[in-house]
Amino acid sequence: MKNAERLANLALAGLTMAPLVVKVDPNLNVVLTACLTVYVGCYRSVKPTPPSETMSNEHAMRFPFVGSAMLLSLFLLFKFLSKDLVNAVLTCYFFVLGIIALSATILPTIKRFLPKHWNEDLIIWHFPFFRSFEIEFTRSQIIAAIPGTFFCSWYALQKHWLANNILGLAFCIQGIEMLSLGSFKTGAILLAGLFVYDIFWVFFTPVMVSVAKSFDAPIKLLFPTADSTRPFSMLGLGDIVIPGIFVALALRYDVSRGKERQYFKSAFLGYTVGLVLTIVVMNWFQAAQPALLYIVPAVIGFLAAHCIWNGEVGPLLEFDESKMAVVEGSEDKPSKKVE
């Protein structure tokens, strides 16, 4: 891990904890937290092999429709069923997901302090009565799951904003790290579709805002404010992950060419500008804003302007991550231990 990455991780951890001891302007907190999360997730996504999940053009085109169906389903559940019941079920679901995400997020740090065979030797556990179902894990993953279980338990019992944010940040980092758009064409299709999705559900219906306020789960980051009538500012995880995987693709494109991180810098700057513009407009109109309305044009616009200026539109559009490794090299497969 390079010094810049270490500093970003430390800054993100410090900024997350800071509101416990000092007053932090929520607008500044939103921008810094989101940008640091994207930065950390992008660098974690650079691996010897392409990310495990790659999106096709068809998946990108369907995504806004699938997201709309899920959003409307949640809206109807909260409307016709007990809000407490729905949130109780969702808490159980996110309890398991949270342990997995948080464990995976802190595992690289923990592994450095554990014996080598704890990191490499796999243990295979078969489900009782269903021997065909099995789970593979290492001793290091068990150790990493301990703090993950603690924070998930804390969130389930107290619903504290800090526990919510720690789990939310873990989801964001894992999403950016593990998901791949495959190509910039696919990324443009996805971002354009979600650009329309965000505008429609925020400006033309009460669905998005209603679900965000009712959904008591770590799908949004909470930033404490000094306003007792509005104790928290919110930022949806999608406003970090969706642009984040596009910015991460730009970083891996730079790495694949062995050049300086030029397109990553322009995409990351576009994300920062778009997020700042969202905050400015939100405070100007004192109303919720669809963040992707400002972030998507900024990210795509800054990257497009940069590659047009360099005369490299063709190579960028032809880049297909599924056909190449991000970095040359391979790792030996770990040994397995069956129990």
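This is a predicted model: local features need pLDDT of at least 70, side-chain atom pairs count only at pLDDT 80 or more; totals for chains, interfaces and linings use all residues.
**Notebook: cavity, core and a few side chains**

I began with the lining of the largest cavity, where α7 gives the largest share, three residues. Residues are numbered from 1 along each chain as its sequence is written, and side-chain values use heavy atoms, with hydrogens and water left out.

**Entry 1: the cavity**

How many cavities of 30 Å³ or more does the structure hold? I got one. A cavity is a set of points on a 1 Å grid over the protein atoms alone where a 1.4 Å probe fits but cannot get out, and lining residues have an atom within 4 Å of a point. The largest cavity has about 60 Å³ of space, the volume being what probe spheres set on the points fill, with grid points joined across faces, edges and corners.

I then listed the lining: Leu15, Thr16, Pro19, Asn29, Thr33, Trp161, Asn165, Leu169, Leu222 and Phe223. At least two lining residues come from each of α1 (3-17), α2 (26-44), α7 (161-178) and β5 (220-224). By type, I have six nonpolar, four polar and no charged residues there.

Buried means under 20% relative accessible area, exposed over 50%, and partly exposed in between, using a 1.4 Å probe and protein chains only. This core has 86 residues, and Phe184, Ile240, Val247 and Tyr271 have the most contacts inside it. Helix α10 (residues 238-257) puts in the largest share, 12 residues.

What does Tyr271 touch, leaving aside neighbours within four places in sequence? My list reads Ala34, Cys35, Val38, Asp239, Ile240, Pro243, Val247, Ile295 and Val299. Contact means heavy atoms within 4.5 Å.

I also checked Thr37, which sits in helix α2. Thr37 is buried, since its relative accessible area is 0%. Away from its neighbours within four places in sequence, Thr37 is in contact with Leu12, Leu169, Cys172, Ile173, Ile176 and Ile240.

Thr278 was another threonine on my list, in helix α11 (residues 262-285). With a relative accessible area of 6%, Thr278 is buried too. Not counting residues up to four places away in sequence, Thr278 touches Gln289, Ala291, Tyr294 and Ile295.

**Entry 2: aromatic pairs**

My search of the whole structure gave 19 aromatic pairs. Rings of Phe, Tyr and Trp (its six-membered ring) pair if their centres lie within 6.5 Å; planes under 30 degrees apart count as stacked, over 60 as edge-to-face and the rest as tilted. Why is the pair of Phe151 and Trp154 tilted? Their planes are at 40°, with ring centres 6.1 Å apart. Both lie in helix α6 (residues 139-158), three residues apart, about one turn of the helix. Phe151 counts as buried at 19%, while Trp154 is partly exposed at 23%. Elsewhere I noted a cluster linked by ring pairs: Phe78, Tyr93, Phe94, Phe171 and Phe215.

Tyr155 is in helix α6. Is Tyr155 buried or exposed? I have it as buried, because its relative accessibility is 4%. Beyond residues up to four places away in sequence, Tyr155 touches His160, Ala163, Asn164, Leu167, Asp216, Ala217 and Pro218.

Lys159 is in the loop between α6 and α7. I flagged its positive phi of about 55°, although Lys159 is not a glycine. Lys159 is partly exposed, at 27%.

Last, I looked up Leu107 in helix α4 (residues 83-111). Leu107 counts as buried at 14%. Its contacts, not counting residues up to four places away in sequence, are Ser140, Gln141 and Ala144. Leu107 and Asn119 are 12 residues apart in sequence and 9.6 Å apart in space, C-alpha to C-alpha.

How values were computed. A nonpolar core is a set of buried Ala, Val, Leu, Ile, Met, Phe, Trp, Tyr and Cys residues joined through side-chain atoms within 4.5 Å. Helices (H or I, at least four residues) and strands (E, at least two) are DSSP runs, numbered from the N terminus. On a 1 Å grid over the protein atoms alone, a cavity is a set of points where a 1.4 Å probe fits but cannot get out, and a pocket is an open set with protein on both sides within 12 Å along at least five of seven lines; lining residues have an atom within 4 Å of a point. Ala, Val, Leu, Ile, Met, Phe, Trp, Tyr, Cys and Pro count as nonpolar, Asp, Glu, Lys and Arg as charged, and the others, Gly among them, as polar.
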